[in-house]
Amino acid sequence: MQADVFTKRRKSALLLFGLLAALTLGSAVLTRYDVARGLTSFFRAFIWGVTSFYPDGKSMRRLPEILTKLWDTMLISVASTMVAAILSLFLALAGSRTTRVHAFFTVLARGIGSFFRNMPLVAWAMVLMLAFSQSSLTGFLALFFGSLGFLTRAFMETFDEVGEEVVDALKATGAARPHITSQAVLPSSMPQMVSWLLFMIETNIRDATLVGLLTGTGIGFLFDVYYKSFNYHAASLVVIVTVIAVIAMEGISNSVRRVIL
Amino acid sequence: MDFEGPLASRPNPVARNTPGPDKRAKRVTWITLAVLTAITIYSLATISSEGVNVLQATADSVRNFGTIFFQPHAHRLTVWDAFAEIVMTLGLAILTTIFGAIVALVLGLLGAQNLAPKGLTNLVKGFVAFIRAVPTILWVLIFAVAAGLGSTAAVIGLSFHTVGYLTKAYAESFEDLDRGVIEALKATGASWWQIVFQAVIPSSATYLLSWTFLRFEINFANAVAMGAAAGAAGIGFDLFMASGFYFDLREVGLITYFILATAVVLEIAATRLKTRLKEK
């Protein structure tokens, strides 16, 4: 009996292993990924990083410029998150099981959320750039659309977690829907929603680099300029400054979460 | 996109136990919101349109997106080409997820507080926090200096970021395991490896699987982005060329629909997988 369990377990483990190996091999062949070259380049990149990817004295003079761009990027990350949050709030209220007027709105809100979440950020950035060119608005709008999809889903799930029992109980006491929403659902979801906002801001700071690279704005653009002119010392400074900003933001978020959740 | 998904939603086990009045939590919630709102207002007030006519640009963008979504058309790229590029992008996502997961499994074990000494877990956690803080695209470009722009750099860079993400997720899943179970096994004389393979991994397997699949979804989105920004193979590069080089919005439409459809299928698969794992 016991032997059976072990054989079965071993069999399924082998099956999983085989499947994964086949998938890896298939993907490697398909993408023409050269495992040996990958490994050697990894170590070469490491050596290169240590020997030439560090800020030197000359690059430190660019620090003010880099910090200005970083500040802009952080402002835009916050603003795009907050503006998206307002719209997401309404979408989530319309769609959540606990606050919806009709089940149809759930399908609608989910659909809208899914659309914006799954649209590639690259497409937003590239197409917006055609009209808004290299202005900060391009970055703001691209991040806004991405945040909209993510926050809608996050808020909707937060409202759902409040639980239908609570809402049903309040309904039984004769409370009206707007009152239930404003007195029960929103207050109890508030900490979780703030936590999602902070998380979205962290994500947006990182994504801003990608958007900036593609559209020629913010800190991503600065990295691109240094990188393409082989000014690796200055480029490394951009990376270091970004890392510090992201880790600081993460630290602040975590300490806020520790208090509110 | 580089989001960490439910990583952020995991309630901190330490936080739950911190004694403190509910009032303080409320105050901090409101202060946070107020600060963020103030930053937003300041940011919106000072955002510079840099000579762009905002109304005109908005109208143009709406028209551009109209073309993309209502008149998609295969032009330079046939529908089959687009499909092949999607498969290629999925290949990149699979490869980087598996590579990342293997390394993260080892690092996750070394980073879990109930399995490794404190000094080591701090080292591992600090290391992966650093990896995660650098945006994926920057990793790819850094590796591209040694490997050249293209798929090899993209695979290394994406795998690297995956390691940072999954190590944290795995380590936290392992830490959820009751300390008592490990103590009991230790008392029976089980070795570290036996504890890991007979108790820790089997009991957290469902979490590991759903985290890994979530990362696979993210890696698909990332692979698209790396195609556009770092010249990796796949549909992202076509998207970049169609919009940034040929200005062919109708083709952008076709590519966008392909990416969107794939991402939605992955999302539905992930949701199904999650509910099935929960039932178990």
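This is a predicted model: local features need pLDDT of at least 70, side-chain atom pairs count only at pLDDT 80 or more; totals for chains, interfaces and linings use all residues.
The contact between the chains draws on 72 residues from chain A and 74 residues from chain B. On the side of chain A that touches chain B, the largest share, 14 residues, is supplied by helix α9 (residues 177-215) of chain A. Sorted by class, this side of chain A consists of 48 nonpolar, 16 polar and eight charged residues. Chain A itself is divided into domain 1, covering residues 2-52, and domain 2, covering residues 58-260, and the centres of these two domains of chain A, taken over C-alpha atoms, are separated by 34 Å.

Within chain B, helix α9 (residues 192-230) packs with helix α11 (residues 249-279) at an angle of about 175°, and the axes of the two helices are 10 Å apart. Because angles over 145 degrees count as roughly antiparallel, α9(B) is roughly antiparallel to α11(B). Residues of α9(B) that make this contact include B:Leu209, B:Phe213, B:Glu217, B:Phe220 and B:Val224, while among those contributed by α11(B) are B:Ile259, B:Ala263, B:Leu266, B:Ala270 and B:Leu273. The residues of the contact of α9(B) with α11(B) comprise twelve nonpolar, three polar and three charged.

Helix α2 (residues 22-46) of chain B contains 25 residues, which at 1.5 Å a residue should span 36 Å, and this agrees with the 37 Å between its end C-alpha atoms. The buried residues of α2(B) are B:Thr29, B:Thr32 and B:Ser43. These buried residues of α2(B) pack against helices of chain A, namely α4 (63-95), α9 and α11.

Most residues other than glycine have a negative phi. A:Ser133, however, which is not a glycine, has a positive phi near 45°, and A:Ser133 is located in the loop between α6 (121-132) and α7 (136-162) of chain A. A:Ser133 counts as partly exposed because 17 C-beta neighbours lie inside 10 Å. A:Phe230, also a residue other than glycine, has a positive phi of about 60°, and A:Phe230 is placed in the loop between α10 (218-228) and α11 (232-260) of chain A. With 10 other C-beta atoms within 10 Å, A:Phe230 is exposed, since a residue with 12 or fewer such atoms is assigned to that class.

Key. Residues are numbered from 1 along each chain as its sequence is written. Chains are lettered from A and ligands numbered from 1 in the order in which they are written. Two residues are in contact if their C-beta atoms, placed from the backbone, lie within 7 Å. Helices (H or I, at least four residues) and strands (E, at least two) are DSSP runs, numbered from the N terminus. Ala, Val, Leu, Ile, Met, Phe, Trp, Tyr, Cys and Pro count as nonpolar, Asp, Glu, Lys and Arg as charged, and the others, Gly among them, as polar. Domain bounds come from an automatic or database domain assignment. Axes are lines fitted to C-alpha atoms, for helices over the stretch in contact, and angles run from 0 to 180 degrees between N-to-C directions. Angles under 35 degrees count as roughly parallel, over 145 as roughly antiparallel, 65 to 115 as roughly perpendicular and the rest as oblique. A residue is buried if 20 or more other C-beta atoms lie within 10 Å of its own, exposed if 12 or fewer, and partly exposed in between; C-beta atoms are placed from the backbone. The expected span of a helix is 1.5 Å times one less than its number of residues.
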